[in-house]
Amino acid sequence: MDVQISKVLLCYPRGSSRYLAGVDGFLEFAYKDKTEDTTILCPCEECVHTSVLSKDEFCDHLIYNGILQSYDKWVFHGESSDEHNNDQQPQPHNEEMLADMHGLINDAFRNMYDDVPMSESPDPPNQHGPNLEAEEFYKLINDSKKPLWPGSGLSQLSLLVILFNTKSMNKWSDKSFGDLLDTLRMAIPDGNELPQNFYEAKKIVSKFGLDYKKIHACPNNCQLFWKDKENDDFCSICKASRWKDKEPETKLTKKERKKATPSKVLRYFPIKDRLKRLFMCKETAPLLRWHHEERIKDGALRHPADSPAWKVLDERYSKIASDCRNIRFGLGTDGFNPYGMLSS
């Protein structure tokens, strides 16, 4: 079976006939120059190239755990770099990527957090100059241009962007990320300027509005433990404990609560800061008005703004429609997998 066809088939849900055909294609490719009793690295979601398995074990892992979706270049199983480059579009070199921090930050953090557009030379948002929050943001952008050491092509921010992206793609633990930072602090000039661990690095990222809030949830999805229920220990509806390995309606002391593990956690990405970043960046601010100022309005259905639903919303909420900078949110849940309980 052709390698590219196998890769496409492995993108289908686990257990489907197409996915199983992709597994067969992977095995055929991986063992084309090997004997049946050869052990090879396992690229499943659990092993991540850390386990050496027999052919049967390898097959079972791919079927039950699924293949690592970021493993699109089978270099550990016989695919050469030349084969991959002939089939794929040319990818930019690191030097070109680092030259455009705007694009790099968007690309690097898309899987882990959210898109935060930034401009290297931002325009003040109004004639009186930027407010305090905007000034702080612009200061962070300017600080991000400082090289790690004189003559270095990397800034501290660009290094963290690359490390966070690598962490995400290869499923590093927080500890392994911190251990790498310790090594880099010893290996590079002025290494003491780097954050000491993953949590300090994450604080730097959070200054750009990339942070999120953790809100505990009922294990049966009845309610969130926030606002007036923030300090409750069990669900007010089903009485299930908020904490793992606790009986229903169990109340904990403050000391016990500090050590307890929540049964379910919702991660909330505040939208307000992200919208501010969109309007603060000169490249993205015009795009927020494109549907009103640049869109072709000839009756053809090319954009959500051409749809009847958009027009009904404008008629119903004329105040919102009067300013093209007002944002309309659309919620889609098709394929949404909030707790990782479904197959990929």
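This is a predicted model: local features need pLDDT of at least 70, side-chain atom pairs count only at pLDDT 80 or more; totals for chains, interfaces and linings use all residues.
Which residues of helix H3 are buried?

## Helix H3

Helix H3 spans residues 55-65. Its buried residues are Lys-55, Phe-58, Cys-59 and Leu-62. They sit on the same side of H3, because they cover an arc of only 100 degrees around the axis. The other side of H3 carries Asp-56 and Tyr-64, and both are exposed.

What lies over the buried residues of H3? The cover includes helix H2 (17-30), strand S1 (40-41) and strand S2 (52-53). Just after H3 comes Gly-66, with a positive phi of about 85 degrees.

## Confidence in the model

The protein chain has a mean pLDDT of 77. Of its residues, 75% reach 70 or more. Residues 83-99 have pLDDT below 50. Beyond near neighbours in sequence, that stretch has 15 contacts in the model. Residues 102-127 also have pLDDT below 50. Here the model shows 67 contacts beyond near neighbours in sequence.

## Salt bridges

How many salt bridges are there? The count comes to ten.

Lys-167 and Asp-174 meet through their side chains in a salt bridge, at 3.1 Å from N to O. Lys-167 has a relative accessible area of 9%, so this residue counts as buried. Asp-174 is partly exposed, because its relative accessible area is 29%.

## Links along the chain

Asp-233 and Arg-257 form another salt bridge, at 2.9 Å from N to O. This pair links distant parts of the chain, 24 residues apart. Asp-233 lies in the loop between strand S3 (213-216) and helix H11 (254-259). Arg-257 lies in helix H11. Is Asp-233 buried or exposed? Asp-233 is buried, with a relative accessible area of 6%. Arg-257 counts as partly exposed, at 24% relative accessibility.

Arg-328 pairs with Asp-314 in a salt bridge, and their closest N and O atoms are 2.4 Å apart. Asp-314 belongs to helix H14 (residues 308-316), while Arg-328 lies in the segment after helix H15 (318-321). The pair therefore ties together parts that are 14 residues apart in sequence. Asp-314 is partly exposed, with a relative accessible area of 24%.

Note on methods
Residues are numbered from 1 along each chain as its sequence is written. Side-chain values use heavy atoms; hydrogens and water are left out. pLDDT is the predictor's confidence in each residue, from 0 to 100. Contact means heavy atoms within 4.5 Å. Buried means under 20% relative accessible area, exposed over 50%, partly exposed in between (1.4 Å probe, protein chains only). Helices (H or I, at least four residues) and strands (E, at least two) are DSSP runs, numbered from the N terminus. The arc is that of the directions from the helix axis to the C-beta atoms. A salt bridge is a side-chain nitrogen of Lys or Arg within 4 Å of a carboxyl oxygen of Asp or Glu.
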